[in-house]
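Here is a short report on one protein model. Look at the sequence and the fold first, then read on.

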Amino acid sequence: MTFDLIVIGSGPGGYVAAIRASQLGMKVAVVEKAELGGICLNWGCIPTKSLLKSAQVFDYIKHAADYGIVVNGDVEADFAKVIERSRTVADGMSKGIQFLLKKNKIEVITGFGKALRAGLVEVSTAEGETKELLCKNIIIATGARSRELSNLKQDGKKIIGYRQALTLAEKPASMVVVGSGAIGTELASFYNSMGTEVTLVEFMPQLVPNEDEEVSKALGRSLKKAGIKVMTKSSVESVDTSGLLCKVSVKTKKGEEIIEAEKVLSAVGITPNTENLGLEKAGINTEKGYILVDEFYQTNIPGIYAIGDVIPGIALAHVASAEGIICVEKLAGHNPVPLDYNNIPGCTYTSPEVASVGYTEKGALEAGFDIKIGKFPYTASGKASAAGAKEGFIKLIFDTKHGELLGAHMLGANVTEMIAEIVVARKLEITGEELIKSIHPHPTMSEAIMEAAAAAYDEVIHL
């Protein structure tokens, strides 16, 4: 069997690359060993957002009186039903990918794929069969998995990763979450809403360490207010699982503390799935497990490419998708622009939400910019007040010399939807003055962006 392109992996990078390649006239096959849609659709982005929506609905009901609504009787969350709903949503999305691949005449081959050399992919099936596929080009898009620390080995029962956290049969009474990136904070937020006693442990000085410091501090206050115990500058040294409860030894700036919990969730990052892919045999260069590529995602071996979480950089679904499109458009003879990794939005779906793009305040100063900063609090937003969601703020950073929008950092309701405006504005090189003069509808959360820009130039009206 001969193809123009074989994609190994069907996550947000793989299936998007395959569909775009088919649109451009290529004969394409996708090799997938598990569920179509990869980790994001099945065990990451989609099911976690389903869980968090259930948590939001539960919180609304618990605080219905704040909105003038009377709810009679006790309100309970059916944890099993919440989990079941998330799996149903994920399964539906996976079936949607199956439909899209079929619609675009892409052949799906089930099995474990290896890039033996340029132009040759070996597929091993679960039944023990092996077949070889010929092709002009190969894209490796096998994604990543939960990273394991030597002192925090996952047993799938007491010490768990995100997969187990998404499918627990019963709600744990207590949980220690190790790591406060997006995965850790989102799952900490969900379990806290469900009634689990949650402790969130972070090694770095601030939560969500890649975010602007002001956002991190404000999120920490919100999570503490919600009942989560937050421990920064702390590290889990060991976990004793011999008893009924886990005994978690946490090293803090004040000394060692023992925390007892029913479950320990390890959310300390990811590891690329690059083992046993034939990389060494094919002569593909790697570094610390990651595949090295050029700006159009070609490895050192012509005809073999890699995208997404298997290459160094930002491990986000939308980044993998963008890389896949750029890669195949270059293959098709187009002239795509290399991806601007400084204009990638990041979102964390806690309550309140976090969204950001571009330079942080610290990063902008370290880069040598002279900056203007504008902030607008949700407490001054009419829509936020009406929604009962006054926690948060919008922070915009501008270059004083040219008015360039260097970065945006948001905390609050709906900010994960609003951040796209800033991505487009930065792509089009809109200045602060132009953003101020762009009329935003009232009342909306988004008008806080216009007000924050105005605040940077001493033109804010509603503060």
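## Around L435

Leaving aside neighbours within four places in sequence, L435 is in contact (heavy atoms within 4.5 Å) with L396, F398, L405, E421, I430, H440, I449, M450 and A453. This is a predicted model: local features need pLDDT of at least 70, side-chain atom pairs count only at pLDDT 80 or more, and totals for chains, interfaces and linings use all residues. Residues are numbered from 1 along each chain as its sequence is written, and side-chain values use heavy atoms, with hydrogens and water left out.

L435 sits in helix 13 (residues 432-436). Helices here are DSSP runs of H or I, at least four residues, numbered from the N terminus. L435 counts as buried because its relative accessibility is 3%; buried means under 20% relative accessible area, exposed over 50%, partly exposed in between (1.4 Å probe, protein chains only).

## Two cores

A nonpolar core is a set of buried Ala, Val, Leu, Ile, Met, Phe, Trp, Tyr and Cys residues joined through side-chain atoms within 4.5 Å. The largest one has 52 residues, and I139 and I140 touch the most other members. Helix 1 (residues 14-23) gives this core its largest share, six residues.

What does I139 touch, not counting residues up to four places away in sequence? Its partners are L5, I6, V7, I8, A17, Y305, I307, C327 and V328. A second, separate core has 34 residues, including I83, I160, L166 and Y191.

## A partly exposed residue

I61 belongs to helix 3 (residues 45-62). Its relative accessibility is 35%, so I61 counts as partly exposed.

Terms used:
Helices (H or I, at least four residues) and strands (E, at least two) are DSSP runs, numbered from the N terminus.
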